[in-house]
Amino acid sequence: MTVAKPSSRTLARAAALLARGRLVAFPTETVYGLGAAADDARAVLALYAAKGRPRFNPLIAHVADVAAARRLVRFDARAEILAKAFWPGPLTLVLPRAAGGAVCALARANLDTLGVRVPDHAVALALLRRFGRAIVAPSANRSGRLSPTTAQAVQFGLGARVDLVVEGGPCRVGLESTIVDLSTAQATLLREGGIAHAAIEALIGKLAQSGSAIKAPGMLASHYAPRARLRLDAKDARSGEAYLGFGALPKLANDIPALSLSPTRDLAQAAHNLFGYLQTLDRAHVQCIAVAPIPATGLGAAIRDRLARAAAPR
């Protein structure tokens, strides 16, 4: 694995690797993505293998702009409204695929729908423009594990499974995109994420809640998990645990590793720190991480979603 700063030379090399069916990790505003050419089935197969990801779990196609998205999926009025409001940004729209859309069936998990988004990160957009084709890019980690928000986390999680990591600093948002399914008459929230669902509902009306069918990433019951178990809504930590707080930390024994997602109880700061802080506490080799209560408002709903999936039976 090579890690390189995002120079013109690095982006040219990244685009060339993608064109040859290789894997390239790069930053977005949400998390680091593990990129493969969306129209190359062999490259997508290598991506699934590198992550250890089940092939029934579809991938999101990242594109440089709305025009590129329209070549892959069929927009409706709701999609036009949401794309105008939130793209570039942490919102994925699931729509019926367009005839001739250049995303292979393996990447779509053989569905007739496709998730697309325009990332809000200068490096990601520069790479997409340089490559000139859609890039599928799930989080650059082993499937089910914590999503990486730094290049170093990608190195730690994937090692030699990826050819190049484009270093773009820590991810600004720190949580994956919100996913909304617009492939049916009733818009459905498939995954909480970087945009609060209330902001989406303010534009297109009430969102239905997802069922059990896997139509997008992040819908598996167990996901985003550290090696340690999680104990949620904990007011303190027991002996042998670490503590992930929200707000001022309680008084704890000196041998208990502890971090606060946000000493000022800022949900955006907590989202930004979530995966990185879980990784740090996980490296303390404790059996369990106790996690403070997080309010379920705004970005708190997405944080609680990630924590619930991380704490689910594996």
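**Briefing: sheet, helices and selected residues**

Over four bridges, strand β5 (residues 91–96) pairs in the parallel sense with strand β9 (residues 178–181). Two strands count as paired if DSSP finds at least two bridges between them. Helices (H or I, at least four residues) and strands (E, at least two) are DSSP runs, numbered from the N terminus. This is a predicted model, in which local features need pLDDT of at least 70 and side-chain atom pairs count only at pLDDT 80 or more, while totals for chains, interfaces and linings use all residues. Residues are numbered from 1 along each chain as its sequence is written, and side-chain values use heavy atoms, with hydrogens and water left out.

**The sheet**

- In β9, D181 stands opposite V94.
- Strands of a sheet pair through backbone hydrogen bonds, either parallel or antiparallel.
- The open sheet has eleven strands with mixed pairing, in the order β1-β8-β2-β3-β7-β4-β6-β5-β9-β10-β11.
- Its edge strands, β1 (2–4) and β11 (208–209), each pair on one side only.
- Helix α5 (residues 122–131) packs on the sheet and touches β2 (24–27), β3 (32–37), β4 (60–62), β7 (135–136) and β8 (164–166). The direction of α5 makes about 135° with that of β2.

**Helix pairs**

- Contact means heavy atoms within 4.5 Å. Axes are lines fitted to C-alpha atoms, for helices over the stretch in contact, and angles run from 0 to 180 degrees between N-to-C directions.
- The axes of helix α1 (residues 8–19) and α5 come within 9 Å and cross at roughly 55°, which makes α1 oblique to α5. Angles under 35 degrees count as roughly parallel, over 145 as roughly antiparallel, 65 to 115 as roughly perpendicular and the rest as oblique.
- S8, L11, A12, A14, A15, L18 and A19 of α1 make the contact with V123, A126, L127, R130 and F131 of α5.
- Helix α8 (residues 267–282) packs against helix α9 (residues 299–311) at an angle of about 20°, with the axes 9 Å apart. The two helices are therefore roughly parallel to each other.
- Residues of α8 that meet α9 include L267, L274 and F275, and their partners in α9 include L299, I303 and L307.

**Cysteines and R227**

- The structure holds zero disulfides (pairs of cysteine sulfur atoms within 2.5 Å).
- C104 counts as buried at 12% relative accessibility, and C171 counts as buried at 1%. Buried means under 20% relative accessible area, exposed over 50%, and partly exposed in between (1.4 Å probe, protein chains only).
- R227 lies in the loop between β11 and β12 (229–231) and is exposed, with a relative accessible area of 58%.
- R227 and C288 are 61 residues apart along the chain, and their C-alpha atoms are separated by 8.8 Å.
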